[in-house]
Amino acid sequence: MLVTEEKPIKEILGALEADKKLFVVGCAGCPEGWETGGPQKVAELADKLRAGGKEVVGTTMIDFLCNKALVGLRLGRCIEALKAADAVLVVSCGIGVQATAAMVDKPCHPALNTISSAGFQGLWPSSERCQQCGECVLSLTGGICPITTCAKSLLNGSCGGSHEGTCEVEKNRPCGWFLIYERLKALGKLDNYKKLQPVRNFGKMDVPLKHRSTIRWALEAKEF
Amino acid sequence: MSRLQQELEAGRFVVTGEVGPPKGIDTHELDHELEHLKGKVVAINVTDIQSAVMRLGSLIVSEYMVRKGFEPVFQLTCRDRNRLALQTELISAAWVGIENVLCLTGDHQVLGDHRGAKGVFDLDSVSLLQTVNLLNSGKDLAGNALAGAPKLFPGAVVAPGLEPMEPQILKFEKKVAAGAKFFQTQALYDPRQLEAFMKKVEQFKVPVMAGIVLLKNVGMAKFMNANVAGVFVPENIMKEIAGCPKKKLKQKSAEIGGRLVKEMKGMCQGIHLMPLGWTDIVPDVLGHAGLA
């Protein structure tokens, strides 16, 4: 199970900026098991968003957001609500946010931070990856993870080795920041590229004791 | 305050040079290279494990230069050190009288001679610039007070030849916001490239020094075109070197370099010459450019 933590509502509202109409997608897998997601949490989050002055144009649960074909199929059924939305909020691990962002041409924002994959990793789609950094930045990067797509895991844009969309490491490897740049440009969010990123706290990758001392952690991570 | 800072802040045109520390502890070549640059340039960059090839350290060579009366531009990359080590290097540099620091992300380790090395990249060029300014203000990255703050002059790099250019400009702006006080560019061989680039960055009012790598032979030019991102030696220059007898290559290199400097000097606030060992022709380059 992927271990996740809820992002503070203040951070979520901050990342949504002026986007008013929101569609909320929840994963019925790990986040429900970890009690950071699931139908009840998604309903609570929708209430918090409304209290924060946002309009929720629809919500849906998908089991599981790490299955890209399923994500495409289920989101297809919500096409009208998605069209009406300014942005999508995704209650899942980083993989689910990236899988959704790859399917929808709207800004997709994470509602959770992914900390660890204790045991079961979920289904693994083709290109989306999550290193469980614990400080999800997908809001700013158009739903493409710079930590996993950039060969140097840079947070502040492409380095001097990125040319014509490729990485300096390998000729046929796409530059992660080039992909992010293209996506942000298409979303009209290029200003995000200019935002200075704080340095990472690598301590966030360690699952806190409060999580490790739970029964569900024991069920997932311990051998009996 | 460093002379580089004084000159740039006074709005004067500045020429800097560059030396690469040796792979080993024989520094005779380095001494010769430095001698040729004496009095010809305002400051001299010291590359930091450039191209990810292990060699003598940039901090210790910069310190050596300070003792010998040269002004170094201490290059510091994020590939090999975490935030503890980077901050330590920065305050150590300030303590021994080094003032200019050029903040870079660093080439990926697979481009060098220790391909299996672990890349660190705890910080990047932007957060390293922020760190320099934080240390200058008397605090470290953890928010703790320093017993004596450094007064470092931070600079950054930019590659105007990279495509697409827009993300480069966005990153340039980000580096300015992070506190970059001057820029040196990747090698340029086409003044039009610099002209187009300067139009985009003039608004930020930060001095830009155009970079020129002195060409040693046609093979080197071909290698850069094929392998160095954003560097392009045009056909006419390739022909010029290809048609030059081996004995006259240094003379030709100085001529081409001088011509490029002459063409570019009106567009920016300085030139950063990267002679890759051929510092002996730097006086000729400057002569051809009308800067001697």
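Chain B has a radius of gyration of 18 Å, which agrees with the value near 19 Å that a compact globule of 292 residues would have; the radius is taken over C-alpha atoms, and the globule rule is 2.2 Å times the number of residues to the power 0.38. The model is predicted: local features need pLDDT of at least 70 and side-chain atom pairs count only at pLDDT 80 or more, while totals for chains, interfaces and linings use all residues. Residues are numbered from 1 along each chain as its sequence is written, and chains are lettered from A and ligands numbered from 1 in the order in which they are written.

Along the principal axes, the C-alpha atoms of chain B fill a box of roughly 60 × 45 × 40 Å. Chain B contains 11 helices and 8 strands, these being DSSP runs numbered from the N terminus (helices H or I, at least four residues; strands E, at least two). Of the 292 residues in chain B, 48% are buried. A residue is buried if 20 or more other C-beta atoms, placed from the backbone, lie within 10 Å of its own, exposed if 12 or fewer do, and partly exposed in between. Among contacts in chain B between residues at least 6 apart in sequence, 78% join residues at least 24 apart; a contact requires C-beta atoms, placed from the backbone, within 7 Å.

The contact between the chains takes 22 residues from chain A and 27 residues from chain B. On the chain B side, helix 5 (125-136) and helix 6 (166-177) each supply at least two residues. Helix 6 of chain B gives the largest share of that side, 6 residues. By residue type, the side of chain B that touches chain A divides into 14 nonpolar, 6 polar and 7 charged residues. Here Ala, Val, Leu, Ile, Met, Phe, Trp, Tyr, Cys and Pro count as nonpolar, Asp, Glu, Lys and Arg as charged, and the others, Gly among them, as polar.

In chain A, 4 strands form an open sheet with parallel pairing, in the order 3-2-4-5; two strands pair if DSSP finds at least two bridges between them. Strand 3 (55-62) and strand 5 (108-110) of chain A stand at the edges with a single partner strand each, so one side of each is left without a neighbour in the sheet. From one strand to the next, the twist averages 25°. Strand 4 (residues 87-91) and strand 5 of chain A run parallel and are joined by 3 bridges, and Val90(A) has Pro110(A) in strand 5 as its bridge partner.

Helix 3 (residues 39-51) of chain A packs on this sheet, touching strand 2 (21-27), strand 3 and strand 4, and its direction makes about 165° with that of strand 3 of chain A. Helix 6 (residues 94-103) of chain A lies across strand 2, strand 4 and strand 5, running at about 175° to strand 5 of chain A. Axes are lines fitted to C-alpha atoms, for helices over the stretch in contact, and angles run from 0 to 180 degrees between N-to-C directions.

Most residues other than glycine have a negative phi, and most peptide bonds are trans. The peptide bond from Asp63(A) to Phe64(A) is cis, with omega near 15°; Phe64(A) lies in the loop between strand 3 and helix 4 (68-76) of chain A. The bond from Glu163(B) to Pro164(B) is also cis, with omega near -10°, and Pro164(B) lies in the loop between strand 5 (153-158) and helix 6 of chain B. Ile49(B) has a positive phi of about 45° and counts as buried, with 22 C-beta neighbours inside 10 Å.

Key:
Two residues are in contact if their C-beta atoms, placed from the backbone, lie within 7 Å.
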